[in-house]
Amino acid sequence: MVTAFQQKVYDKLLEVPAGRVTTYRDLAHSLGINSSQAIGQALKRNPFAPRVPCHRVVSSNGSIGGYMGAVEGSPIAKKIDLLKKEGINIVDGKVVDFELQLFTFRT
DNA sequence: AGTCGCCACGAAG
DNA sequence: CTTCGTGGCGACT
């Protein structure tokens, strides 16, 4: 079930250009809420699995999150390499200079 | 329809 | 590191 809320989350995510990352908090706040958990839950349950760059979403401190740590079998680990091609370097599960790549939805 | 549990988090202690 | 708060969704009742 793709609710309007989730739809907005994915739409916002697609709004993020390659080589940039966004945070759960800013993303959530842009949706009018103040909880990133809903974002994480929506991303985890994302019905648009490969269509949504979930890996492009990070925590407020630049941490990738638990999408690969929580699910060690996640195939997105390969996408991490792709992100490096986009200019996003991932080291120790963190985005290098993530704040420099940080993309906020400040409309 | 109401309630409980869940979530890849954030902030505070 | 640990605990509480938060906002929404899923499932059960």
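Visitor: How do the axes of α1 and α3 cross?

Guide: Two packed helices are described by the angle between their axes and the distance between the axes. Here, in a predicted model, the axes of α1 and α3 come within 10 Å and cross at roughly 85°. That makes α1 roughly perpendicular to α3, a label for angles of 65 to 115 degrees. Axes are lines fitted to C-alpha atoms, for helices over the stretch in contact, with angles from 0 to 180 degrees between N-to-C directions. Helices are DSSP runs (H or I, at least four residues), as are strands (E, at least two), numbered from the N terminus.

Visitor: Which residues make the contact of α1 with α3?

Guide: From α1 come Phe 5, Gln 6, Val 9, Tyr 10 and Leu 13, and from α3 Ala 38, Ile 39, Ala 42 and Leu 43. Contact means heavy atoms within 4.5 Å. By class, that's 8 nonpolar, 1 polar and no charged residues. Ala, Val, Leu, Ile, Met, Phe, Trp, Tyr, Cys and Pro count as nonpolar, Asp, Glu, Lys and Arg as charged, and the others, Gly among them, as polar.

Visitor: Which residues touch the most other members of the largest nonpolar core?

Guide: In soluble globular proteins, nonpolar side chains tend to be buried together. In this core of 15 residues, Val 9, Tyr 10, Ile 39 and Leu 43 touch the most other members. Helices α1 (4-15), α2 (24-30) and α3 (37-44) each supply at least two of its residues. A nonpolar core is a set of buried Ala, Val, Leu, Ile, Met, Phe, Trp, Tyr and Cys residues joined through side-chain atoms within 4.5 Å. Buried means under 20% relative accessible area, exposed over 50%, partly exposed in between (1.4 Å probe, protein chains only).

Visitor: Is His 55 buried or exposed?

Guide: His 55 is buried, at a relative accessible area of 9%. Its place is the loop between α3 and β2 (57-58). Leaving aside neighbours within four places in sequence, His 55 is in contact with Tyr 67, Lys 79 and Leu 83. His 29, in helix α2, is exposed at 56%.

Technical notes. Residues numbered from 1 in each chain as written. Chains lettered and ligands numbered in written order. Predicted model: local features only at pLDDT ≥ 70, side-chain atom pairs only at ≥ 80, totals over all residues. Heavy atoms only, no water. Parallel < 35°, antiparallel > 145°, perpendicular 65-115°, else oblique.
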